[in-house]
Structure formats: structure tokens, C-alpha cells
Amino acid sequence: MNILFIYPKYPDTFWSFSNVLKFVRKKAAFPPLGLLTISSMLPKEWSKKLVDINVNELKNEDINWADMIFISGMIVQKDSIRDIIKKCNGKKIVGGGPVFTTGHEKFEGVDHFILNEAEITLPLFLKDLEEGKLKKIYTSEEKPDVTKTPIPDWNLIDFKDYSTMAIQYSRGCPFNCEFCDIIIMNGRVPRTKTPEQLMNELDSLKDAGYKGSIFIVDDNFIGNKKNVKEMLRRLIKWQKKNKHNFKFLTEASVNLADDEELLSLMSVANFDKVFLGFETPSNESLKECKKLQNVNKDLVAGVRKINQYGMQVMGGFIVGFDNDGEDIFDIQIKFIQEIGVVTAMVGVLTALPQTRLWYRLKAEERLLKDSTGGNTDGDLNFIPKMNKKKLMDGYSRLVNTIYSRKNYYERIDTFLKNYTPTSKSKASMDEFHAFISSLWRIGIISKARFYYWRLILKTSIFKIRSLPTAIELAIIGMHFEKVSRKI
Ligand code: SF4
């Protein structure tokens, strides 16, 4: 059996990092971890091939080779998914992953859907395939034990194409934010892999020749603090033995800042970035969306503390809550500048399918259309309480203000003042290339050159160890500025 995995194209969003990739000579930011893991769950004797459209073109010869085509992706990739389905017309197509799990009925031309978590539903599909009685939909509410999840099939990708590898340690998050679809798919009881299992995954990456950044793509890395601490102790030993082969980034909830033991373990294990969902400084809006873990928290102090443990904080921010007044845009600008989160992903609230927000807005007859899934593209899929034009104009002003060169570089200053780099990894050739490339692209031909040189000089004199981070942020700033201009 010949299986072709196809990963759809990402549109140009804050998360695509498309304008950064040319600096580091890469084609995409992250590999399609879901498909690589599915590959390891299929019979060994089957032939498998992957076309990640963010990296390579989908050719007719690949489609003709395949007996079956597996597509996976997120809502934000749905336009590309429809193009792929059209192009593969006549072949047996199997769809799985988040986009199909929360909205398979919106896709025509897919023969079989393997929904929810594949550890449960894929074996059901394979059994029926063997018995020649395939059904249209395979689904289950059962949450699998991720300690049985196999190591991703790294053979399907070329590491050189990606700036960062991806692995998963846990699924699920104990919190209950109204707009979140992760807890709808993965549940509220965090399920973790064993420390040994994760070390085996790292060994597999190292043995395949990879070194560099790894994104631990968990819903909330610290969802089960006891287990994560145990795993981190093992990871520290692994890193020491392997000369700090990897540096890590992940996603967590803001209560990370309350736990110094956890911060210290992450820092020693060589975590250098963490994404946190701040959403809004308005307590009323936080209570509205049930992000109660952020209410009455000193988020500025929290970020400073994380920075002192050698981790840069990336953050998610949202406007468009029912409790947001017209002053929310200025409040958010002030908050983002003060907190010093340089890479701030600001979006308009969106109602993702099956979330509690989606059901509430539906009951209130305020839903307008499907979400694009790209919550930073300025799309609005519900009737807001605020006048729609004021919301969209305010959003555009907010994004363009925080990504003006002056404000962006001011945030880098705020961040660097509080940042104590602790990374033990040596700079890679790609990072060196990015630096050389930035000298020309930002230092000479870009309008940001004044800010760039001032940053380089100041950091070289006062905070030399932070220089690689400062250069990285200057490069990322080019991407964020370009994306924000489109909003
Ligand atoms: S903390 Fe993050 S992952 Fe957890 S429920 Fe809230 S938005 Fe979802």
C-alpha cells in the first residue's frame, strides 16, 4: 500500500514566521508532527511519502503513486485543504486532525474521516480496512493514554527544511477558557508521556542528526506540574550528557510565574522561550471568558520573573470581548508596552466550532459565519457588543501601533533590561547566517536600520550575552511589521 501524506499550506500569519525563514535558510517553521506520528502508527510494510506544501510543491506524480492520501491540518489551513482535495479527485482521501475533528461536515470529497485522537480511531479504521468494510466516519470520545504514542517518523522529512522541530509531551489543559477549542478536543485532564518515552524521542532526533530548537507543542506544558517536574529532572541529565544539543520553547499558562522550582528546572533544561495566553489586562473580560487563572495577577511582575530565568515570553492578546469598552485598544497598547512582551500575537476574539463561546453566541443569535481559524487576520465571525467598525478600526490601530518600529524596539529594550540569558547552546551556522543576512537586510536597506544599529551597539556594550536574542528579535520584527501592515 502506498500512502501519501499531504500537509496543507499555512496562510501568512504571525505564526507562519514566513518573513523570518529566508534569514535562516529554511522553508517552514515547524514540521507536521501529527502526520509524522500517524505514519508510525501505520503498518511498517506500507510505503509512505510526505508532501508538506509549505516546503514542496504537490506533483501529479506523487498523487498518481498513492493508493491512499492522508490529509491533516488546522482550521487556518482549510482553503489549502480544499485545493488539495480538488487536485486529488479520484483518489481515496482520508482526513484527520483538528480541522476535521471540529468540522468534518464542511468538507466534500473526503472518503473517510478519522476524528479525535488517532491512537483510538486509527486502529478502528485499519481493522475495517483489513476486513473490507470501511465506514465514512471513525470517532470516539475516549482519551487515549499517550504513553503508548509512538515516536514520530522523522524519515519523512528533511530537517534542513525546518527552522524548529516539534515534539509533544502532554495533551489537555486543566483550565476552562470559553474560547478554547483545545479542551474540547483534548480534554481538561492533562495526559503526559513518561520521562523515558520523551528521552527516547529526543534520542531519535539526535540519532537522526538533528540539533537546534525544539517546540514542545503541548496545549499547556505545565498542566500536570508534578509530572512535568519529574520529566524535567530527567531532561536536565539528558541535556548534560548530550552537551545541550537542544533548546526548547513551549506553551504554558501564566501560573508558571508562581512556581520558582518549575522555572528553575526549565531554565536549567535549556528552555529559552515560552508562549503565554495573557488575552487582556481587563479583569471583567477575563472573568467573562473564564480565564480565571489570569484575574488579579500581577502579569508584569510574572513576565519579569520568567525573563530572569532566561526565558523570553511570547504572548497572546485578544480584543472583542463583550466587556471591552472603546478604551480597550489604548489599555492593551499600554499593557503590551509595559509588560515588554516583544512578540505579541494580538487577535480579535473568534468563535471556534464546538467551543463554549460558539454555543453561547449561537444561542444569542450572534454567530455570523465560520471562523477562519487565523485569529490574527482581523476576521470577525460574530456580532460584537462594540460597534463593529469601531472594533475593527481599533484593532487595526492597536496592531499597527505596537508594531511601529519605535514601539517594537522599545519593547525589546524593556525585555532586555530584565532578561538574564541562561542558554547553554552554541550558536548554529543558521543563526550565524541570519546575523550576517540581518546586517544587510535590516542594517542597510531597511527603514528600521537606525533602531537596529542602536540595538546592536547598546546590547554589545551593556548586555553582550543577550546579543543573539536581540538580533533574533530584530529579524522577527520585520515579519511582524509586514503581517501587521496587512491588517
Ligand atoms: S489556558 Fe490555554 S489551553 Fe488552557 S483552556 Fe485556556 S486557552 Fe485553552
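Four residue pairs are in polar contact between domain 1 and domain 2, both residues at pLDDT 80 or more. Polar contact here is a pair of N or O atoms within 3.5 Å; within protein, one must be able to donate a hydrogen and the other to accept it, and sequence neighbours count only through side-chain atoms on both sides. On the side of domain 1 that touches domain 2, the residues are seven nonpolar, three polar and four charged. Nonpolar means Ala, Val, Leu, Ile, Met, Phe, Trp, Tyr, Cys and Pro; charged means Asp, Glu, Lys and Arg; the others, Gly among them, are polar.

Ground rules, quickly. This is a predicted model, where local features need pLDDT of at least 70 and side-chain atom pairs pLDDT 80 or more, while totals for chains, interfaces and linings use all residues. Numbering runs from 1 along each chain as its sequence is written, and side-chain values use heavy atoms, without hydrogens or water.

Now the layout. Domain 1 covers 2–20 + 32–138, domain 2 covers 164–418, and domain 3 covers 429–485; the bounds come from an automatic or database domain assignment. Domain 1 gives 14 residues to the contact and domain 2 gives 24, with contact meaning heavy atoms within 4.5 Å. The C-alpha centres of these two domains are 27 Å apart. About 1,700 Å² is buried between domain 1 and domain 2, 65% of it on carbon and sulfur atoms. That is accessible area (1.4 Å probe) lost when the two parts are put together, summed over both.

Next, salt bridges. The rule wants a side-chain nitrogen of Lys or Arg within 4 Å of a carboxyl oxygen of Asp or Glu. It gives 42 in total. Four cross the interface of domain 1 and domain 2. Arg 171 and Glu 119 form a salt bridge at 2.7 Å, N to O.

Last, the ligand. Which residues are around it? Cys 173, Phe 175, Asn 176, Cys 177, Phe 179, Cys 180, Ile 183, Asp 219, Lys 291 and Gln 293, each with a heavy atom within 4 Å. By class, that shell has six nonpolar, two polar and two charged residues.
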